[in-house]
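Colleague: Could you walk me through this model and tell me what stands behind the words you use for it?

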Amino acid sequence: PLPTNIAANVGREAGKIYLGQHSATPTVGDLRVSFSVALPTEVSIISQQINNTFEAFQTKAGRAFERLQIGQHSAEAMIAQAQQENKTLTWGLRLLGFIIMMTGLNLIFKPLSVLADVVPFLGALVGVGTGLIAFLIAISLSFTVIAIAWVVFRPLLGIGLLVVAGAATYVIITKLKAARPQTTEG
């Protein structure tokens with residue numbers, strides 16, 4: 001039994017308990033309480049047991065690691081899945097960085113296409129050209145940033161990426177020099 005001062009303000013609706021005057025017009029301080037059941041199931045956990053509880057496992061590298069998955073899984077499978085998730089996140093962030101860099105460079109070059117809009121088709125043509133240049137510069141800079149980060153942990157991969165970035169930079173410079181109008185002296 002609820003106390004009389006609370007019982008007058010308790011209602012039930014759609015499997016929930018409502019504490020307040022009217023559930024249709026809630027006010028500050030009203031409560032809506034619902035319950036759910038978590039059925040027992042088998043889980044796999046990677047953690048460190050300390051007394052009656054679990055805490056994050058300290059790796060040899062000094063990082064804290066813990067993982068909980070529904071179902072029965074081996075430690076190797078759980079670690080492999082964590083590594084795959086980490087790899088996917090890393091490449092996703094690299095792609096996002098590239099897109100942000102290319103967008104920023106495109107916005108820097110945008111005034112050129114706006115100036116060229118005096119002649120209608122010329123503005124679109126300059127926009128495509130500056131977009132291509134922004135794309136090539138973003139590839140070069142992205143590979144350079146990624147490569148510098150990799151040189152510390154995997155020197156061969158980092159140096160390989162620096163070579164790719166250098167090649168992209170060479171292509172950009174070569175294309176820009178070829179696009180310049182040639183002046184003849186004489």
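Modeller: Helices (H or I, at least four residues) and strands (E, at least two) are DSSP runs, numbered from the N terminus. This is a predicted model, where local features need pLDDT of at least 70, side-chain atom pairs count only at pLDDT 80 or more, and totals for chains, interfaces and linings use all residues. Residues are numbered from 1 along each chain as its sequence is written, and side-chain values use heavy atoms, with hydrogens and water left out.

Colleague: What do the buried residues of H3 pack against?

Modeller: They pack against helix H2 (75-116) and helix H4 (155-179). Among those buried residues are Gly123, Thr130, Ala134, Ile146 and Trp150.

Colleague: What makes glycine 123 buried?

Modeller: Buried means under 20% relative accessible area, exposed over 50%, and partly exposed in between (1.4 Å probe, protein chains only). Glycine 123 has a relative accessible area of 5%, so it is buried. Leaving aside neighbours within four places in sequence, glycine 123 is in contact with Ser113, Ala116 and Asp117. Its C-alpha is also 8.1 Å from that of leucine 112, eleven residues away along the chain.

Colleague: And why is threonine 130 called buried?

Modeller: Threonine 130 comes out at 8%, so it is buried too. This residue of helix H3 touches Asn106, Phe109 and Leu112, not counting residues up to four places away in sequence.

Colleague: Is proline 120 buried or exposed?

Modeller: Exposed, because its relative accessible area is 67%.

Colleague: How do you know how the length of helix H3 compares with what is expected?

Modeller: The expected span of a helix is 1.5 Å times one less than its number of residues. Helix H3 (residues 120-153) has 34 residues and reaches 51 Å from first C-alpha to last, close to the expected 50 Å.

Colleague: How many aromatic pairs are there?

Modeller: Rings of Phe, Tyr and Trp (its six-membered ring) pair if their centres lie within 6.5 Å; planes under 30 degrees apart count as stacked, over 60 as edge-to-face and the rest as tilted. That rule gives one aromatic pair. The ring centres of phenylalanine 98 and phenylalanine 135 are 5.8 Å apart and the planes sit at 85°, so this pair is edge-to-face.

Colleague: What does the pair tie together?

Modeller: Phenylalanine 98 is in helix H2 and phenylalanine 135 in helix H3, so the pair ties together parts 37 residues apart in sequence. Phenylalanine 98 is buried because its relative accessible area is 16%, whereas phenylalanine 135, at 33%, is partly exposed.

Colleague: Last one: why is asparagine 51 called exposed?

Modeller: Its relative accessible area is 68%, so asparagine 51 is exposed. Asparagine 51 is found in the loop between strand S5 (48-50) and strand S6 (53-55). Although not a glycine, asparagine 51 has a positive phi of about 55°.

Notes. Contact = heavy atoms within 4.5 Å.
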